[in-house]
Amino acid sequence: MTSTARSTQLTAAGAARVGGPGTLAGRTVSRVGYGAMQLRRLDREAAIALLRRAVELGIDHVDTAQFYGNGFVNEVIAAALRPEDDVLVVSKVGAEPAQGGPIPLRLAQRPEQLRAGVEDNLRSLGLEQIPLVNLRRADHGPGLRPEGDQIVDLDDQLAVMADLRDEGKIGAIGLSSVSIDGLRRALPVGIACVQNAYSLVSRDDEDMLRLCLGEGIAWVPYFPLGGAYAGLPKVTEEPAVATAAQALGVAPAQIGLAWLLQHAPNTLLIPGTADLGHLRANTEAGAITLDEATLAALDAVPTRSGDIEVA
């Protein structure tokens with residue numbers, strides 16, 4: 001095996017790439033990554049241990065945000081990950097912590113707030129450049145909706161994100177909770193990925209996924225198993241998922257993740273967990289192959305949209 005082939009199939013830590021190799025912001029990464037939001041449930045020592053285990057299992061793409069645990073998650077990532085791990089750290093801006101409300105976040109959509117969010121992420125992550133930063137919009141999918149001065153034109157937001165990229169503070173720009181029209185408007189700026197709510201049971205964004213595939217943009221779904229909140233359908237409750245899981249001797253959640261990986265080659269996963277056992281199960285989902293009959297049965301599951309405010 002050549003050194004190039006080896007780097008494609010193995011992470012810098014020497015582990016086999018989970019789910020095989022994918023591309024994000026011009027880099028090769030494992031197709032199964034890790035969404036770090038749940039680390040806020042752990043103490044610092046346990047959170048660091050979980051991240052180290054993720055690297056050992058072949059994960060080299062971690063998704064975070066300064067507003068996860070009000071900086072705690074970013075600080076843990078900075079402590080746990082080493083330069084030689086060569087983990088692609090992706091963050092996001094567009095929201096900030098807020099206390100006392102129904103959810104602990106509020107939107108921060110104004111250009112000066114986006115710039116401040118990038119600076120906060122740089123400090124807490126201990127980086128000179130964040131390889132990829134997602135602009136978390138608020139015009140599509142489940143979540144908060146902007147009001148007052150938080151109603152900001154996408155072009156104004158993209159302008160400051162492009163400036164930050166030109167300044168070397170971020171390496172690439174992604175979009176989150178964006179509409180297909182918004183994505184089309186943003187294409188000339190150069191978009192590395194889209195993060196929208198998407199799963200087997202919530203496929204309203206199928207046209208956007210296909211647009212991303214055609215444009216070479218990574219598709220990074222959040223809520224990949226449906227909602228963990230009341231009001232959102234859950235992949236693991238579908239009879240077809242249960243049937244497939246029983247036939248293959250795996251967990252229903254693993255079927256939901258495996259379906260996403262086989263459904264589109266530009267899909268990269270960032271399932272989050274605070275549990276070491278679930279972390280391993282999520283990585284093992286990357287090795288599951290669904291045959292044509294199973295895929296057909298899963299594809300026939302109807303898509304449904306819930307309505308809940310989450311960030």
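The radius of gyration here is taken over C-alpha atoms, and the globule rule is 2.2 Å times the number of residues to the power 0.38. What you have open is a predicted model, where local features need pLDDT of at least 70, side-chain atom pairs count only at pLDDT 80 or more, and totals for chains, interfaces and linings use all residues. Residues are numbered from 1 along each chain as its sequence is written, and side-chain values use heavy atoms, with hydrogens and water left out.

**Stop one: the whole chain.** Select everything. With 311 residues, a compact globule would have a radius of gyration near 19 Å, and the chain agrees with that at 18 Å. Its C-alpha trace spans about 50 × 40 × 40 Å along the principal axes.

**Stop three: the inside.** Colour by burial: 52% of the 311 residues are buried, meaning under 20% relative accessible area with a 1.4 Å probe, protein chains only.

**Stop four: helix α3.** Now select residues 72-80. Which residues of this helix are buried? They are Val73, Asn74, Val76, Ile77 and Ala80. Look down the axis of α3: its buried residues fall within an arc of 160 degrees (using directions from the helix axis to the C-beta atoms), so they line one face of the helix.

How values were computed: Buried < 20%, exposed > 50% of the residue type's maximum accessible area, 1.4 Å probe, protein only. Helix = DSSP H or I, 4+ residues; strand = E, 2+ residues; numbered from the N terminus.
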